[in-house]
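Subject: Structure handover

Hi,

Here is the structure you were waiting for. Please have it open while you read the notes.

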Amino acid sequence: MQSAVVGFHTDEEGHWVADLACGHGQHVRHDPPWMQRPWVLTAQGRAERLGTKLECKKCNKETPVA
Ligand SMILES: [Zn+2]
């Protein structure tokens, strides 16, 4: 299921997590060289991605919203 990004927060380890409209969160790590998401480290980069949609794996598995 595609779910819109409504915000971002960081987890206890400092990794960025996208808040999705469905109520789930999804990690959007910048962890080079494997994960290249330099945009997530800047407020502007995150703001530009508000409203974009991510495939929510948790919805696909019908994971309850915590
Ligand atoms: Zn979801």
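Below are the notes on the metal site and the sheet.

This is a predicted model: local features need pLDDT of at least 70, side-chain atom pairs count only at pLDDT 80 or more, and totals for chains, interfaces and linings use all residues. Residues are numbered from 1 along each chain as its sequence is written, and side-chain values use heavy atoms, with hydrogens and water left out.

Zinc site. The zinc ion has the protein donors C22 (SG), H24 (ND1), C56 (SG) and C59 (SG), 1.9 to 2.4 Å away. Donors are N, O and S atoms within 2.8 Å of the metal (3.2 Å for Na, K and Ca); water is not among the atoms, so sites may look incomplete. The site is tetrahedral, with angles of 105 to 116° among its four donor atoms (the term requires all angles between 85 and 135 degrees). Along the chain the spacing reads C-x1-H-x31-C-x2-C. C22 sits in the loop between β2 (16-20) and β3, and C59 in helix α2 (residues 57-60), so the pair ties together parts 37 residues apart in sequence. Helices (H or I, at least four residues) and strands (E, at least two) are DSSP runs, numbered from the N terminus.

C56 is buried at 1% relative accessibility. C59 is buried too, at 18%. C22 is partly exposed at 22%. Buried means under 20% relative accessible area, exposed over 50%, partly exposed in between (1.4 Å probe, protein chains only).

Sheet. Four strands form an open sheet, order β3-β2-β1-β4, with antiparallel pairing (pairing takes at least two DSSP bridges between two strands). β3 (25-27) and β4 (53-55) are the edges; each has a single partner strand, so one side of each lacks a neighbour in the sheet.

Best wishes

Methods:
Tetrahedral: all angles 85-135°; square planar, octahedral: opposite > 155°, others 65-115°.
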